[in-house]
Amino acid sequence: MYHDERQHYEIAIAGAGFAGLGMAIALKEAGYDDFVVLERADDLGGTWRDNTYPGCACDIPSVLYSWSEDQNPDWSRAFSPQQEIWDYMREVVERKGIASHLRFGAEVQSMRWVAERGCWEGETSIGPISADVAISAVGALADPAIPSLPGLEQFEGKVFHSARWDHDHDLRGREVAVVGTGASAIQFVPEIQPQVRRLHLFQRTPPWVLPRANPEIPEPVRRRFERYPRLLRTVRKGVFSLFESFHVMFSHPQLAKLVELRAKRHIASQVADPKLRRRVTPNYRLGCKRILGSNDWYPAISADNVDVISCGIREVTADGVVDQDGRLHRVDTIIFGTGFQVTDPPISHRVTGSAGDTLADGWNGSPRAHLGLAVSGFPNFFLLLGPNTGLGHNSVLLMIEAQVEYLMRTLEWRRHNGLSAVEPRAAAQDR
């Protein structure tokens, strides 16, 4: 084991969201104590710390969006709001005793595999570190993606991304442009639409939107869940099975058409204007993009103060946005609901493997990894919720837990065999 002036750990984890915290909990329960969780922000939570836009909530049922061994019987609704999820994460961290392993304000600036020393050496914003094993748990929804629109830098109004919501900027009576119609926009647009003077919604591709109820969970039911944990586990299994059935639809296009029909009926029942109805109806098969759920989306974008623009954006001027048809939409605020840097995450440019190449060099815009966990040429380096693992309609937490379990077996196998380094192909062949 190599030591210099760097703080050395057996395991270093980047990211204190659900993935990083789940890994830390598993390590603690397995008897590991020489590990650290490096978090660039000043608090834990990841996505649920950063996304505080109006209406922010999980679009996965609460009973699934929670650690399987640490179920929360006290969710207020079927789909939990952001603050409840964040509070739940804090409570579990405190109860599991991993808070002492968290380092805030510790952004990973670089990580490099040093073969002759058999460890990873890194630079962070709180100083240099080294580790036998490095784990990236930064997730795919960490760094906002803002499109490179011509003229954006000359816009004289307010600009922000939904994941960096400016709560000090009062939207009442303003002319607002919203760019994007994805999972975040579908939540915050209905919240801000009644406040703004006019909302200019720039839509690249209309999403498939299904109706979704979000009932409150009555207090007596919550207390029953608390008293009978087995009942809560049974409900969780039932919800899981229901959502897993969507995969049958993806494998049989004829079944998908039935769901498309339900979605089109949803549009017809809530959008009276035939022109707008055509504009918001997708022309691709359901399942090709993320399926969304809302009862408020179509009424909001059908309101008199909303203009849906689907021809694209040509440029941004000092006082507005020009669409591809040449029309100037004068606005004083631009809000991007344009997702995150999924295919080119910043962390991939900061991790250098045994051949001297970064992850980004090898991926070249198309991330891939063995089981979404490991990349050849990067010994003892693992990704949680890595490439192509955030799929399906069930919670990503189920995928995280499966990966954590697999990774724990790999770490134990490494220890048992006295190995200093593990390559994904060798691990797959030898185990």
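Modeller: Val 235 counts as partly exposed because its relative accessibility is 31% (buried is under 20% relative accessible area, exposed over 50%, partly exposed in between; 1.4 Å probe, protein chains only). The model is predicted, so local features need pLDDT of at least 70 and side-chain atom pairs pLDDT 80 or more, while totals for chains, interfaces and linings use all residues. Residues are numbered from 1 along each chain as its sequence is written, and side-chain values use heavy atoms, without hydrogens or water.

Val 235 belongs to helix α6 (residues 229-244), helices being DSSP runs of H or I with at least four residues, numbered from the N terminus. With Tyr 228 and Leu 231, Val 235 forms a nonpolar surface patch of about 240 Å² accessible area together (residues over 30% relative accessible area without a salt bridge, nonpolar side chains joined within 5 Å and like charges within 9 Å; Shrake-Rupley areas, 1.4 Å probe).

As for charged contacts, the whole structure holds 28 salt bridges (a side-chain nitrogen of Lys or Arg within 4 Å of a carboxyl oxygen of Asp or Glu). One of them joins Glu 29 and Lys 96 at 2.8 Å, N to O. This pair links helix α1 (residues 18-29), holding Glu 29, to helix α3 (residues 82-96), holding Lys 96, 67 residues apart. Glu 29 is exposed at 55%, whereas Lys 96 is partly exposed at 23%.

Key:
Helices (H or I, at least four residues) and strands (E, at least two) are DSSP runs, numbered from the N terminus.
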